[in-house]
Amino acid sequence: MDGGADVYLLYDFQVLLHQDLKSGQAELTVDIFDMGNSEDAFGMYAAERAPGYNFLGIGTEAYRNEGILNFLQDHYYIKLAGFGPGSDDLLEKLARVLSERIGGTQTFPSLLKTIPQERRVQHSEQFTRKDPLGHAFLSPAYVVSYKQGELESKLLISVAKDPAEAKSRLESLVNYFRQSGKCEPAPDLGDGAIRASNTFEGYVIAFAQGRYLIVVVNPAGDAATLLKKTAQELK
Amino acid sequence: MKDCPRRTFLKTLALGGAALKLGPFAWDALAAASGPALSIAHYRTSPKELDGIAEESQRLTREAIAGLGGMQRFVNRGDIVWVKPNIGWNRKPEQAATTNPDVVSTIIALCYQAGAKHVIVSDNSCNPAVTSFARSGIQEAAQKAGADCFVMDDRKFKSTKLNGKVLPAWDVYADALGVNKFINVPIAKHHGLCKATLGIKNLMGVVGGERNRFHQDLGNTLVDLAAFFRPNLVVLDGVRVLTANGPTGGNLADVQRRDTVVAGVDQVAVDSFGATLLGLKPQDIGYIVEASNRKLGTMDFESLKPHRAEL
């Protein structure tokens, strides 16, 4: 995959099943990536997805464009490509057949269901295994975009092993901002919460809740409410 | 040499000595050193129909090369030329994972007009080569233009001394070393590992072996290739560019039009300009920085005062 493999390896890629198919003049290729678990499958699927894509209801989620149809289901990431007359119709039919045969779960990671839906940018959710926002100590993390008018914030939920590690990640964040910019306590946001800024990340607010470090980057509008609501849901 | 003035003799000796350090296509790289180093051609409109895009691609390619002084600056009568597009992927031209076939066919035509004896087009594809060559449209376009376009034979990769910083030697396609001129014809694409794949990265298609090992140190391995091959000419296809999910691509939503073709003799400058087509700065891309540090060219492409054409 000429360097394209590294992202798959990052998400603990296990096995690839590849098949070429032909029907009349249409040629199809099927690539089924077994990512080992549904969280990593979601991570890989979401890494290649963008909010503006044309989504459809196959598996957990699918998107298509001329000549391609990719979807997520259980611990698999499935990529279909088609060429030739009639291939686009065949892609959807094939995807549905595969989805039925794969079975398993058709749900997103449970954490994504708990965080606020209001003002969330649909299909922006990502699961990042490596260096979220460029910081290794935040790995792994879910990142979701929220929009208020023209202003967009990013909600990052860094998933630690336990509350002690989450607090340790918060300290690392504090130290980073103290060295690169400003950081001060924000008791109005919660016990141990911070407000920070530097010229690179801009403004952030952050709070540790249980085994999660919750960060809002570029907090806009009622980002404080977003932070608090997220913390409440993750309790 | 008997009647040659001493000064001329010493100058020729010095140039020859320098040429020996420059790689397999050195002599004519020196001959091509006189004249503009960079030429950028841009289309004011962005045709939607395939015929319109084809015409645009052909015109941009001709104009970009004309801006350097024409193909006759690079190709001499009787030359055997290797034209190296990106034919890496089982993708259609519209998916912008492979070089635009109209850019490739125009280059082939210009080579023959300049007197080339034979033009070869090939690439060491990542996807199955037979389907990639066909689906990219390059095989048909190249053959129509009179080039010999073939899938590489694994037996023809030969261990070759590169004397690189990290690659002392590597398997290089033997036929590519037997030609007089080498024209690198990449397409500008996002790349998941190194941010962008442009001309220098495109050189991976002339080598074999365990190329996955390159990815452990792309900053140095690619530049070792660049230092070895030093193409006579680089023509970067920026008509359509892949802005996400490269190098494989596939989703048309990730393709954007830039309606640009850039040609140059400075492979670092070409790649540096190419980075901007993807919304990046050359300083963002490790192998471009390394190539610049090793003095293979300049990241400051504006300093070359590029020839610009708006069509």
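Mentor: Start with A:Asp12, which sits in the loop of chain A between helix 1 (5-10) and strand 1 (15-23). Keep in mind that this is a predicted model. A:Asp12 is not a glycine, yet its phi is positive, at about 60°. Is A:Asp12 buried or partly exposed? A residue needs 20 or more other C-beta atoms within 10 Å to be buried, and 12 or fewer to be exposed. A:Asp12 has 17 C-beta neighbours inside 10 Å, so it counts as partly exposed.

A:Asp74 has a positive phi of about 50°, although it is not a glycine either. Its loop runs between strand 5 (68-73) and strand 6 (76-83) of chain A. A:Asp74 has 19 other C-beta atoms within 10 Å and is therefore partly exposed.

Now place these loops in the chain. Chain A is divided into domain 1 (11-102) and domain 2 (110-233). The centres of the two domains, taken over C-alpha atoms, are 32 Å apart. Where they meet, domain 1 of chain A gives 10 residues to the contact and domain 2 of chain A gives 8 residues. On the domain 1 side, the largest share, 5 residues, comes from helix 2 (residues 38-47) of chain A. By class, that side has 7 nonpolar, 1 polar and 2 charged residues.

The peptide bond from A:Ser139 to A:Pro140 is cis, with omega near -15°. A:Pro140 is in the loop between strand 7 (126-128) and strand 8 (141-148) of chain A.

Chain A also has a partner. In the contact between the chains, 16 residues of chain A meet 17 residues of chain B. The chain B side of that contact has 7 nonpolar, 8 polar and 2 charged residues.

The last item is the cores. The largest nonpolar core has 92 residues, and those with the most contacts inside it are B:Val83, B:Val104, B:Ile107, B:Val235 and B:Val261. A second, separate core has 57 residues, and among them are A:Ala41, A:Tyr146, A:Val204 and A:Ala208. In soluble globular proteins, nonpolar side chains tend to be buried together.

Technical notes
Residues are numbered from 1 along each chain as its sequence is written. Chains are lettered from A and ligands numbered from 1 in the order in which they are written. This is a predicted model: local features need pLDDT of at least 70, side-chain atom pairs count only at pLDDT 80 or more; totals for chains, interfaces and linings use all residues. A nonpolar core is a set of buried Ala, Val, Leu, Ile, Met, Phe, Trp, Tyr and Cys residues joined through C-beta atoms within 7 Å. Two residues are in contact if their C-beta atoms, placed from the backbone, lie within 7 Å. Ala, Val, Leu, Ile, Met, Phe, Trp, Tyr, Cys and Pro count as nonpolar, Asp, Glu, Lys and Arg as charged, and the others, Gly among them, as polar. Domain bounds come from an automatic or database domain assignment. Helices (H or I, at least four residues) and strands (E, at least two) are DSSP runs, numbered from the N terminus.
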